[in-house]
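I opened my notebook to look up how this fold is put together.

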Amino acid sequence: MFGLFSGCFEALLRKEELHVLLIGLDKAGKTTLLERLKTLYTDLPGLEADKVLPTVGLNLAHFQALGIPLLCWDVGGAAGLRGIWSKYYGECHAVVFVVDGADRGRFEEAKAALDRALADPDLYGAPLLVLANKHDVVGAASPADMAEVFGLVQLSEMRPCSMQAVTARTGEGVKAAVQWLVENIKKSQRSELIRRRMLAQ
Ligand SMILES: Nc1nc2c(ncn2[C@@H]2O[C@H](COP(=O)(O)OP(=O)(O)OP(=O)(O)O)[C@@H](O)[C@H]2O)c(=O)[nH]1
Ligand SMILES: [Mg+2]
C-alpha cells in the first residue's frame, strides 16, 4: 500500500516544478552558482563568472535534474535586500544557503542571517543545504569546520540538513549538491504542505 502511495507521490513530483531558494550574504556566489546550474543542466550556457553582476532583484533558472523539473530563485544578499528573502519562503521546497568558504571574517554574519531565515515559520521543515562555496580558493574552510561553525548538528534536529563544498565557478561539487536536494525534497513532507497551500490560493 505504501508503495502505491509513494509511487503516486513520485509521479506527482515528476510533473510539478520544485522550487529551490538560493540565499546567502552578498558576494557568496549565488548568481555564479545559478549560471553554473544553467550550463550544467540546460542547452543554453549560463553567464561566465566574470560577467555576473551583484543581484538587486531576482534571477531564475528552470531546469530538469534526475527527471525532476526544478525552478531556482536567486535573490540579492546585500544587507538592505535580505528583507526580500522571506517573500519566497512559503513556496520554496528547499533552501540553499551559499557561504563564501574563503571569507572567514563573515562567517558570523552569515550564520546570523541563516538563523534569522530559519526562524521564519514559513520555512518550517524545509530541507537546508549549506554550500561552502569557493572551495578552489587556497585556505578556504573545510565543510567539516564550517558545519561546526554553522551548527549543522543542531539545525538537523528541525529539518534535513547538509553542508557540502562546491566551486560555483567551475561546477565542482554542484551535481552532488543537486542530487542531495532532489532526494531530500522527495522525502520531505513539505512538498504536500506547499501543494495544499497553492491549491488553496
Ligand atoms: N574563486 C571563486 N570565486 C567565486 C566563486 N563563485 C563566485 N565567485 C566570485 O564571487 C563574487 C561574487 O559572486 P556572485 O555570484 O555575484 O555572488 P552573489 O552571492 O550572487 O552576490 P549578491 O548578488 O550580491 O548577493 C564574484 O566575483 C564571483 O566571480 C567560486 O566558486 N570561486
Ligand atoms: Mg547575485
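Predicted model: local features only at pLDDT ≥ 70, side-chain atom pairs only at ≥ 80, totals over all residues.

These entries go from the sheet to the cores and then to the pocket.

Entry 1: I looked up the strands and found six of them in an open sheet, in the order E2-E3-E1-E4-E5-E6, with mixed pairing. Strand E2 (58-65) and strand E6 (161-165) stand at the edges with a single partner strand each, so one side of each has no neighbour in the sheet.

**Entry 2: strand E1.** Is E1 enclosed or open to the outside? I found that six of its six residues are buried, so E1 is largely enclosed by the rest of the structure. Leu18, Val20 and Leu22 point one way from E1, while His19, Leu21 and Ile23 point the other way.

Next I checked the partners of E1. It pairs with E3 in the parallel sense over five bridges, and His19 stands opposite Leu71 in E3. Four bridges join E1 to E4, also running parallel, and here Leu22 stands opposite Val96 in E4.

Entry 3: Val130 has Met163 in E6 as its bridge partner.

**Entry 4: a helix across the strands.** I looked up helix H3 (residues 107-118) and saw that it lies across strand E1, strand E4 (94-100) and E5. H3 runs at about 170 degrees to E4.

**Entry 5: the cores.** Which residues have the most contacts inside the largest nonpolar core? I found Phe97, Leu128 and Phe150, in a core of 31 residues. H3 gives the largest share of this core, six residues. Then I looked up Leu128 on its own: leaving aside neighbours within four places in sequence, its contacts include Val95, Phe97, Leu114, Leu118 and Trp180. Another core, of 27 residues, lies apart from the largest one, and among its members are Leu22, Leu34, Ile68 and Val178.

Entry 6: Last, I looked up the largest pocket, which has a volume of about 470 Å³. It is lined by 25 residues, and the closest to its centre are Lys27, Ala28, Gly29, Thr32 and Val52. Helix H2 (residues 30-41) gives the largest share of the lining, three residues.

Key. Residues numbered from 1 in each chain as written. Chains lettered and ligands numbered in written order. Heavy atoms only, no water. Pairing = 2+ DSSP bridges. Helix = DSSP H or I, 4+ residues; strand = E, 2+ residues; numbered from the N terminus. Contact = heavy atoms within 4.5 Å. Axes fitted to C-alpha atoms, helices over the stretch in contact; angles between N-to-C directions. Core = buried A, V, L, I, M, F, W, Y, C linked by side-chain atoms within 4.5 Å. Buried < 20%, exposed > 50% of the residue type's maximum accessible area, 1.4 Å probe, protein only. 1 Å grid on protein atoms, 1.4 Å probe; cavity = no way out; pocket = protein on both sides within 12 Å on 5 of 7 lines; lining within 4 Å. Points joined across faces, edges and corners; volume = space filled by probe spheres on them.
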